[in-house]
Amino acid sequence: MPADVHPTAIVEPGARLGDGVRIWHWVHVHRGAVIGDGTSIGQGCYVGAVAIGRGCRIQNHVSIYDGVALEDDVFLGPSCAFTNVKHPRAHVSRKHAYQPTRVGRGATIGANATIVCGVEIGAYAMIGAGAVITRDVPAHALMLGAPARRTGWACRCGETLPRADHPACTGCGDRYTASDLACALVPPPHA
């Protein structure tokens with residue numbers, strides 16, 4: 001299925017759109033962008049020369065600047081913000097100083113959250129609305145506040161895991177092992 005691009009959107013020559021990509025009103029996709037199959041980009045977004053995985057959901061008014069990479073199935077809430085320079089000044093060009101930011105598979109970034117450049121957000125991490133991420137986030141971490149702190153762990157399905165010692169998801173039943181530093185899915189036993 002070809003991409004569905006709204007007539008008000010600007011998709012520059014040299015941008016690559018996967019099958020089933022949906023681009024809504026007043027979006028600007030820069031040349032060099034690569035957008036994976038089935039991704040949806042909401043109204044008023046800017047997409048730089050970045051890599052976006054398959055099945056991502058990018059809500060309204062998100063700017064994804066050069067240096068950001070989204071793996072598959074990432075959710076970006078409305079108006080969340082990425083930066084690409086640590087020490088910006090209007091009168092000093094810092095294009096040479098862009099720092100990469102990677103968002104792992106299945107991660108969620110809530111509305112109005114800010115992601116400071118140079119960090120890696122682990123797979124299935126859950127970044128709360130309005131949180132400010134200033135350092136790397138482990139897989140499955142639930143991050144809240146400004147600056148954000150880990151307040152728990154999140155399941156692949158998005159539910160908060162209820163227990164720190166041998167947590168099991170009350171939503172889907174997946175089981176995890178967790179410590180203060182990491183959380184990992186326990187593979188199901190063989191039948």
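**Cysteines, strands, core and salt bridges**

The sulfur of Cys80 lies 8.5 Å from the closest cysteine sulfur, which belongs to Cys45, and this is too far for a bond. The sulfur of Cys56 has its closest cysteine sulfur in Cys80, at 12 Å, again too far for a bond. In keeping with this, the structure holds zero disulfides, a disulfide being a pair of cysteine sulfur atoms within 2.5 Å. Cys80 counts as buried because its relative accessibility is 2%, and Cys56 counts as buried at 0%. Here buried means under 20% relative accessible area, exposed means over 50%, and partly exposed lies in between (1.4 Å probe, protein chains only).

The model is predicted, so local features need pLDDT of at least 70 and side-chain atom pairs count only at pLDDT 80 or more, while totals for chains, interfaces and linings use all residues. Residues are numbered from 1 along each chain as its sequence is written, and side-chain values use heavy atoms, with hydrogens and water left out.

Six strands form an open sheet in the order S3-S6-S9-S12-S15-S18, and their pairing is parallel. Strand S3 (16-17) and strand S18 (120-121) are the edge strands, each pairing on one side only. Strands (E, at least two residues) and helices (H or I, at least four residues) are DSSP runs, numbered from the N terminus, and two strands pair if DSSP finds at least two bridges between them. Strands of a sheet pair through backbone hydrogen bonds, either parallel or antiparallel. Within this sheet, strand S9 (residues 51-52) runs parallel to S12 and is joined to S12 by two bridges. Ala51 stands opposite Ala69 in S12.

Val68 is also found in strand S12. With a relative accessibility of 4%, Val68 counts as buried. Apart from neighbours within four places in sequence, Val68 is in contact with Val50, Ala51, Phe82 and Thr101, where contact means heavy atoms within 4.5 Å. Val68 and Gln99 are 31 residues apart in sequence, and their C-alpha atoms are 8.4 Å apart in space.

The largest nonpolar core has 44 residues, of which Leu70, Leu76, Phe82, Ile109 and Ile127 touch the most other members. Strand S12 (68-70) and strand S21 (141-144) are the elements that give two or more residues to this core. A nonpolar core is a set of buried Ala, Val, Leu, Ile, Met, Phe, Trp, Tyr and Cys residues joined through side-chain atoms within 4.5 Å. Leaving out residues up to four places away in sequence, Ile127 touches Thr108, Ile109, Gly110, Ala113, Ile115, Ile121, Ile133, Val137 and Met143.

Ser40 counts as buried, since its relative accessibility is 9%. The side chains of Ser40 and Trp24 are joined by a polar contact of 3.4 Å. A polar contact is a pair of N or O atoms within 3.5 Å; within protein, one must be able to donate a hydrogen and the other to accept it, and residues adjacent in sequence count only if both atoms are side-chain atoms. Residues up to four places away in sequence aside, Ser40 touches Arg22, Trp24, Cys56, Arg57 and Ile58.

Side chains of opposite charge can pair when their charged atoms come close. A search of the whole structure finds six salt bridges, a salt bridge being a side-chain nitrogen of Lys or Arg within 4 Å of a carboxyl oxygen of Asp or Glu. One of them joins Arg31 to Glu12, with the closest N and O atoms 3.3 Å apart. Arg31 lies in the loop between strand S5 (28-29) and strand S6 (34-35), and Glu12 in the loop between strand S2 (10-11) and S3, so the pair ties together parts that are 19 residues apart in sequence. Glu12 counts as buried, at 17% relative accessibility.

Arg54 forms a salt bridge with Asp72, in which the closest N and O atoms are 3.8 Å apart. This pair links distant parts of the chain, 18 residues apart: Arg54 is in the loop between S9 and strand S10 (57-58), and Asp72 in the loop between S12 and strand S13 (75-76). Arg54 is partly exposed at 48% relative accessibility, and Asp72 is partly exposed at 21%. Arg54, Asp72, Asp73 and Arg105 are linked in a network of salt bridges.

Arg156 forms a salt bridge with Asp174, the closest N and O atoms being 2.8 Å apart. Both residues lie in the loop between strand S22 (149-153) and strand S23 (176-178), 18 residues apart. Arg156 counts as partly exposed, at 41% relative accessibility.
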